[in-house]
Amino acid sequence: MSKGKKSFSFALAMLTAFALVLSACGGGNKDAESSGSGSSGSSEKPVNLIWYTIGTPQKDVDKVMAEVSKYTQEKINATVTMKMIDWGDYQQKMQVNVASGEPMDIMFTSAGGFDYVQNARKGAFMELDDLLDKYGQGIKDTIDPAFLEGSKVDGHNYGIPANKELPQQEVWRFNQNLVDKYKLDTSNVRSLDSIEPLLKAIKEKEPNVTPFAMDKNYVPYVPYDYIIQNLPMAVKLDTTDYKIVDILETPEMKQALTTMHKYYQAGYVAPEAATTGSTSDLMTSGNWFMDRAQTQPLADNTWSASYGYPVKSTPASDAIITNTSVQGSIMAISANSEHPEKAMEFLNLLNTDPVLRNMVDSGIEGTHYKKVDDKHIENLPEGKNYDMPSYSLGNNMLLYLNPNDPDDKWEQFKKFNAEGKDSPILSFNFDSTKVATEMAAVQNVKEQFWASLMTGTVDPETYLPKAIAAFKQAGLDKVIAEAQTQLDAWKAANNK
Amino acid sequence: MAAFFKNLIRNKVMLFMVLPGAIWFFFFSYLPLVGTIVAFKQYRFNREGFWASISKSEWVGWDNFKFLFSTNDAYTITRNTLLYNLAFIILGLILSVAMAVLLSELVGKTMAKIYQTGMFLPYFLSWVIVGYFAFSFLSMDRGMINQILGWFGAEPVQWYSDPKYWPYILVFVSLWKSVGYNSVVYLASIMGIDKSLYEAAMIDGASKWQQIKNITIPMLSPIIIIMTLLAVGRIFYADFGLFYQVPRDSGTLYSVTNVIDTYVYRGLKTTGEIGMSTAAGLYQSVVGFVLVIVSNFVVRKIDKDSALF
């Protein structure tokens, strides 16, 4: 027994010693940090910015970043290391990276991946108000002010949104080959009910084609804006009283779900839609007739080019500016950044300097792409080693155009942005801290019912009441009440 | 202290041999124990790093545990977790031991090796792949089972939206994957049984069945008890891959596929509340720990030599 006790105390001593060593290491780091951030003179050693962003890791990232660093060292005396994390892993890995204090300066965040608002509230990002005034003047001048306004959390900016399409608009996309083959008329299509004759025609004539392609994230369009994406709390777009309702209890949603179930039973929807993660194999094979997507100007060109066959779209909703669309792509500065000033200078340069922005986007001229004229570029074979998602990396309107883009592409974007209508709850961000317990429970109910209801897999006559009851039991009413209180306060503060 | 060092020196070779394992356990099992503190905090990031984040986060007492018990989901997931694991332990034990005995009795050793390898193989497959195997059988429009049903003129079954089949499917898939591995463990200890026991039994005219019943099974019982105790300790841990990948995360099946691990994952993957995930993990560990202690206590009462400690 005494032997056991002794070895235990020995282990305890080891543990303490180890903890001491660890904390000593931490202390050392902090010293280095403070000496690094204190200096910003140009004769100083350049600082290295660590930049986490989303997308499939590319082979030539380091090579391109070496070039980028040469350029930025000259301009702002900073070098850049980019770390890419693949689409599916981004949220989870960043959660861990941030929680464990991994060194980083700049990171991608958005309403969809690595949630911007929640993480801003948790303290993952640095508040940028002062930095923006001091080093971000260029950003303020170039980016549509609606972006900076719409990405404020509790009145402060925590990130720099990418300047791109501002509203979000749903469209029906059609596989034009099939439309032409059967001479179908898509001009009168708009509502969910209006597509039925088209689906029916395709189902009869092309039994091997999926008439209505969708994955498990599909949600029928209803004219509401969600408080939190894909949770059943929403405000009607033409609201006057700013009342938050359970979307499942609205007549519009009930009608839409009934229609979806009718389509599902008629075989217009793939039987496994509710568990399908992606429709990309359908897109590759071309064995689909229509689906719903979010659009931007000239999107048809982009889709057609990427699928290799013509795709055309018609609107399924108005163009609405919502939090989700405004917060679709943001670069934030990490709360633990050692060089927040430099990071801000870099973001400013990235959003205003076409040379830097295009280098980050398309790689090295002559290696990854070549210029066709002063606006258009063409990818070289090496380009596939550096194929970046343009939307995520900063101001889109500085980018070179693809060979078949019209010269006025970015003017069309600006026009599209100007025409978008504001959602009534634009820039209201719900703080769910007080109802965190209920949120976790509600989330589970959502996972249970959402996909099968939305894709029409189950009959809303029986399942909708079940889902509504389950949400209530999980505490949705309490969450809605809390959200309503916050929304009322926000409404009063903003004179709506 | 002197006795401690003397002891250390005397056993230095043995201690040196366990050193890698001990170091591994220290870093990956004991050191992270400090992190359970997060279960009682509202975790907020701090720019000074991980330790500062932990120490500066606000204490919230038991708040993080509430979500586990806030709905009657708690009942469903606890029931599913326990009952499935019980089924896996009991059926797994019976099947693995039976397979091991059968394999050991096979005369053709080449065939025995082939069977053994064939049964062992699924153990190495990832759940994602097993999930797709299952899908190729159960897919609504292209699955093998529905096609076969079609030949007999039966209606196709919507496997992924009908919960009533899933308890059987999950148990079957789980056993298919694990039995091969466990039977090898039992086979190894059967091989270690003194052959003279069987010779003596044969001279006394014992049949094969009597030999198995009176020699093999009793000789196996220590390893059976250890394996079972270890499994009982993990009875509160569901195999995430099995319950998430194989039913393809289909919402309509949750009443029979939702277990603690998937519940926690779904609830927290979007909210990202680290405190709550830690709380759930701690709850699982504590219950698992209690179960091991209790079952070991029970084993001790029955047969002192077979107990783990």
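Trainee: Which residues in H7(B) meet residues in H9(B)?
Mentor: In this predicted model, B:Trp127, B:Val130, B:Phe133 and B:Leu138 of H7(B) meet B:Trp166, B:Ile169, B:Val173, B:Ser174, B:Trp176 and B:Lys177 of H9(B).

Trainee: How do the residues of that contact divide into nonpolar, polar and charged?
Mentor: Eight of the residues in the contact of H7(B) with H9(B) are nonpolar, one is polar and one is charged.

Trainee: At roughly what angle do the two helix axes cross?
Mentor: The axis of helix H7, residues 127–138 of chain B, crosses that of helix H9, residues 166–191 of chain B, at roughly 130°, and the axes come within 12 Å. H7(B) is therefore oblique to H9(B).

Trainee: Is the crossing left-handed or right-handed?
Mentor: The crossing of H7(B) and H9(B) is right-handed.

Trainee: Turning to confidence, where in chain B is it lowest and where highest?
Mentor: Confidence is lowest in helix H14, residues 260–271 of chain B, with a mean of 77, and highest in H9(B), at 93. Chain B averages a pLDDT of 87, and 99% of the residues score at least 70.

Trainee: What ipTM and pTM does the predictor give the complex?
Mentor: The complex has an ipTM of 0.73 and a pTM of 0.77.

Trainee: Which residues of chain B does UniProt list for "transmembrane region"?
Mentor: An unreviewed UniProt entry lists residues 12–40, 82–108, 120–140, 217–237 and 281–299 of chain B.

Trainee: What is the helix content over residues 120–140 of chain B?
Mentor: That span is 62% helix and 0% strand, with its end C-alpha atoms 30 Å apart.

Trainee: And what about residues 281–299 of chain B?
Mentor: Residues 281–299 of chain B are 100% helix and 0% strand, and the end C-alpha atoms lie 27 Å apart.

Methods
Residues are numbered from 1 along each chain as its sequence is written. Chains are lettered from A and ligands numbered from 1 in the order in which they are written. This is a predicted model: local features need pLDDT of at least 70, side-chain atom pairs count only at pLDDT 80 or more; totals for chains, interfaces and linings use all residues. Side-chain values use heavy atoms; hydrogens and water are left out. Axes are lines fitted to C-alpha atoms, for helices over the stretch in contact, and angles run from 0 to 180 degrees between N-to-C directions. Helices (H or I, at least four residues) and strands (E, at least two) are DSSP runs, numbered from the N terminus. Angles under 35 degrees count as roughly parallel, over 145 as roughly antiparallel, 65 to 115 as roughly perpendicular and the rest as oblique. A crossing is left-handed if the near helix is turned anticlockwise from the far one by less than a right angle, and right-handed if clockwise. Contact means heavy atoms within 4.5 Å. Ala, Val, Leu, Ile, Met, Phe, Trp, Tyr, Cys and Pro count as nonpolar, Asp, Glu, Lys and Arg as charged, and the others, Gly among them, as polar. pLDDT is the predictor's confidence in each residue, from 0 to 100. UniProt positions are given in the numbering used here, feature names are shortened, and annotations may be inferred rather than shown by experiment.
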